[in-house]
Amino acid sequence: MFGLLKSGLNKIRRAFSKTRSILGDKIRAVFSKPLDEETLDELEQVLFEADLGSTLALEFVEYVRAYARKNGLHSDLMVAMKNHAEEILHKPPHVQGNPVQTPPKVILVVGVNGSGKTTSTAKLAKLYKDQGKRVLLAAGDTFRAAAIEQLQTWSERLQIDCIKGKPGGDPSAVIFDALTAAKARGHEVIIADTAGRLQSKTDLMQELSKIKRVIEKVVPEGPHEIYLVLDATTGQNAIDQAKTFNAFTPLTGLILTKLDGSAKGGIILSIYHLMGI
């Protein structure tokens with residue numbers, strides 16, 4: 001068991017090696033200089049480029065300034081910054097998932113086109129299947145070309161049932177059929193992929209609200225989780241996406257994709273600091 005865990009951890013470390021080296025090396029380079037105002041300005045710029053945003057980047061700079069004043073200029077400032085990041089993430093979230101009173105657990109996966117929703121849906125399905133759960137997929141993205149086929153392919157690879165409709169059909173009807181099937185077949189988890197709604201398209205966002213209402217009719221406490229999938233390379237635009245989606249369907253979590261490249265992922269801190277998601 002320990003060997004499997006170690007192997008998984010090493011795989012994650014390799015995937016994040018580029019992100020870690022780009023950001024970590026820059027911060028270490030900054031801290032190798034005398035800690036004066038010019039150095040702190042440089043630190044703020046590095047953090048801003050890491051997608052923390054101007055407000056949070058400035059907060060970190062002020063934290064480092066105060067920490068160095070209290071503990072000395074030669075204190076471990078990298079550790080201090082990590083501790084501050086953990087302090088932010090350890091605050092209770094604003095919205096938490098609903099407890100499952102009666103199966104199935106219903107999970108909605110939302111986000112804009114190209115963020116990686118369908119692949120993330122499949123990864124969630126595998127996660128629950130590996131936990132011994134009976135999982136059902138719902139192909140609720142009826143608008144994007146080949147989205148249904150893509151999820152169907154994943155379901156076949158994972159050997160998981162999938163409920164689908166016709167391209168261009170009513171997503172709410174697909175979700176309803178999936179919920180009915182899940183109850184009849186004794187599935188414990190249903191994960192619904194949804195259309196890649198642009199946050200500026202009010203009609204599509206309202207369709208998402210409709211899906212939520214349909215779920216509540218069949219499973220009153222559902223959806224139990226609503227995950228927003230964010231492309232890590234979109235930077236500060238991810239905050240606007242989180243705000244808009246959260247207004248229509250209160251989000252319980254984020255899934256950040258494409259972090260194995262040059263994206264820094266600081267947007268996680270920024271969104272949690274601002275919205276508690």
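First, a definition for my own use: a crossing is left-handed if the near helix is turned anticlockwise from the far one by less than a right angle, and right-handed if clockwise. The model is predicted, so I ask for pLDDT of at least 70 for local features and 80 or more for side-chain atom pairs, while totals for chains, interfaces and linings use all residues. Residues are numbered from 1 along each chain as its sequence is written, and side-chain values use heavy atoms, without hydrogens and water.

I looked at the helix pair. H6 passes H7 in a right-handed crossing; helices (H or I, at least four residues) and strands (E, at least two) are DSSP runs, numbered from the N terminus. H6 (residues 117-130) and H7 (residues 147-158) pack at about 20°, their axes 10 Å apart. Angles run from 0 to 180 degrees between N-to-C directions, with axes fitted to C-alpha atoms, for helices over the stretch in contact. That makes H6 roughly parallel to H7 (under 35 degrees).

I then listed contacts (heavy atoms within 4.5 Å). Among the residues that meet are Thr 118, Ala 122 and Lys 126 in H6 and Gln 150, Leu 151 and Trp 154 in H7.

Next, the sheet. I found 6 strands in an open, parallel sheet, in the order E3-E2-E4-E1-E5-E6; strands pair if DSSP finds at least two bridges between them. E3 (161-163) and E6 (253-257) stand at the edges, each with a single partner strand, so one side of each lacks a neighbour in the sheet.

Finally, I checked H7 again: H7 lies across E2, E3 and E4, at about 170° to E2.

Note on methods
Angles under 35 degrees count as roughly parallel, over 145 as roughly antiparallel, 65 to 115 as roughly perpendicular and the rest as oblique.
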